[in-house]
Amino acid sequence: LEFRRVLFRSMENVIVASRGELFDQSLRFKKSKKKFFLWVALKTGLYNSVLWHATTESEKNSIITTLKVNPEKVRIAPMMSGLSEETICEGNNGIQNRNFNNKGLTIVYLARIAKDKNVSFSIDILEKVKAEVVFDIYGPIEDQELWNACLEKIKMLPSNIKVNYCGVLKRADVGKTLKQYDLFFMPT
């Protein structure tokens with residue numbers, strides 16, 4: 001307890017966003033390191049005074065369960081809190097009237113390129129699609145080996161599927177970018 005007080009005096013003013021790292025699936029990667037770190041954090045009370053940020057109810061539950069955190073210390077604040085449905089979607093009830101015959105279906109993937117985000121699975125699913133599809137991928141490449149495997153899968157896709165890597169998207173551009181697509185595909 002004294003260890004935490006000395007090293008982390010001002011932890012009362014800290015907000016921690018785990019960004020999904022405390023979900024069971026995420027804890028499976030580098031399991032030994034994470035298990036040891038969490039054990040140390042629990043034993044020292046490292047996170048006793050912090051406020052936790054979650055984006056969903058399930059993330060809130062994973063934080064509470066994994067770290068034995070008081071539920072009142074976990075707040076849900078959606079990542080896109082500044083964007084309303086109207087900002088993201090336009091048209092009748094948020095659904096755009098699109099002519100799929102001209103352009104095909106446009107799909108966007110917006111996440112880190114990492115095992116826990118399932119971009120590889122997205123590409124596997126596209127292999128089975130018979131319609132014309134444009135699949136745009138946005139996000140930082142965190143796992144180059146995984147991305148190289150994805151590039152090999154992309155080469156094997158049928159000609160009706162076009163895949164584009166569009167780089168990293170600025171937070172301010174998320175809303176207007178999502179409006180350009182028919183479907184947001186996030187198979188996490």
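Across which strands does helix α4 lie, and at about what angle does it run to β2? The points below take this up first; the model is a predicted one.

1. Helix α4, residues 57–67, lies across β2 and β3, and its direction makes about 145 degrees with that of β2. Its buried residues are Glu59, Lys60, Ser62, Ile63, Ile64, Thr66 and Leu67. The cover over these buried residues includes α2 (24–27), α3 (31–44), β2 and β3. Lysine 68 follows α4 and has a positive phi, near 55 degrees.

2. The sheet under discussion in point 1 is open and has 3 strands in the order β1-β2-β3, with parallel pairing. At its edges are β1 (15–17) and β3 (74–76), each of which pairs on one side only. On average, neighbouring strands in this sheet are turned by 30 degrees against each other, direction ignored. Between β1 and β2 (residues 51–54), which run parallel, there are 3 bridges. Valine 16 stands opposite tryptophan 52 of β2.

3. Histidine 53 belongs to strand β2. Is this histidine 53 buried or exposed? Histidine 53 has a relative accessible area of 16%, and because buried means under 20%, histidine 53 counts as buried. Leaving aside residues up to four places away in sequence, histidine 53 touches Ile15, Val16, Ala17, Ser18, Arg19, Ile63, Arg75 and Ala77.

4. Strand β4 (residues 105–110) pairs with β5 in the parallel sense over 6 bridges. Isoleucine 107 has phenylalanine 135, in β5, as its bridge partner.

5. Helix α8 covers residues 144–155. At the start of the helix, a side-chain oxygen of aspartate 143 comes to within 3.2 Å of the backbone nitrogen of glutamate 145.

6. Which residues of α8 are buried? They are Leu146, Trp147, Cys150 and Ile154. Viewed down the axis of α8, the buried residues fall within an arc of 95 degrees, so they line one face of the helix. Glu145 and Lys155, on the other side of α8, are exposed. The buried residues pack against α7 (119–126), β5 (133–138) and β6 (161–165).

7. Leucine 157 sits in the loop between α8 and β6. Its relative accessibility is 11%, so leucine 157 counts as buried. Which residues does leucine 157 touch, not counting those up to four places away in sequence? They are Ile123, Leu126, Glu127 and Val163. For one of them, glutamate 127, the C-alpha atom is separated from that of leucine 157 by 5.6 Å, although the two residues are 30 residues apart along the chain.

Notes:
Residues numbered from 1 in each chain as written. Predicted model: local features only at pLDDT ≥ 70, side-chain atom pairs only at ≥ 80, totals over all residues. Heavy atoms only, no water. Pairing = 2+ DSSP bridges. Helix = DSSP H or I, 4+ residues; strand = E, 2+ residues; numbered from the N terminus. Axes fitted to C-alpha atoms, helices over the stretch in contact; angles between N-to-C directions. Contact = heavy atoms within 4.5 Å. Expected span 1.5 Å × (residues − 1). Buried < 20%, exposed > 50% of the residue type's maximum accessible area, 1.4 Å probe, protein only. Arc of directions from axis to C-beta. Polar contact = N/O pair within 3.5 Å; in protein donor to acceptor, adjacent residues only side chain to side chain.
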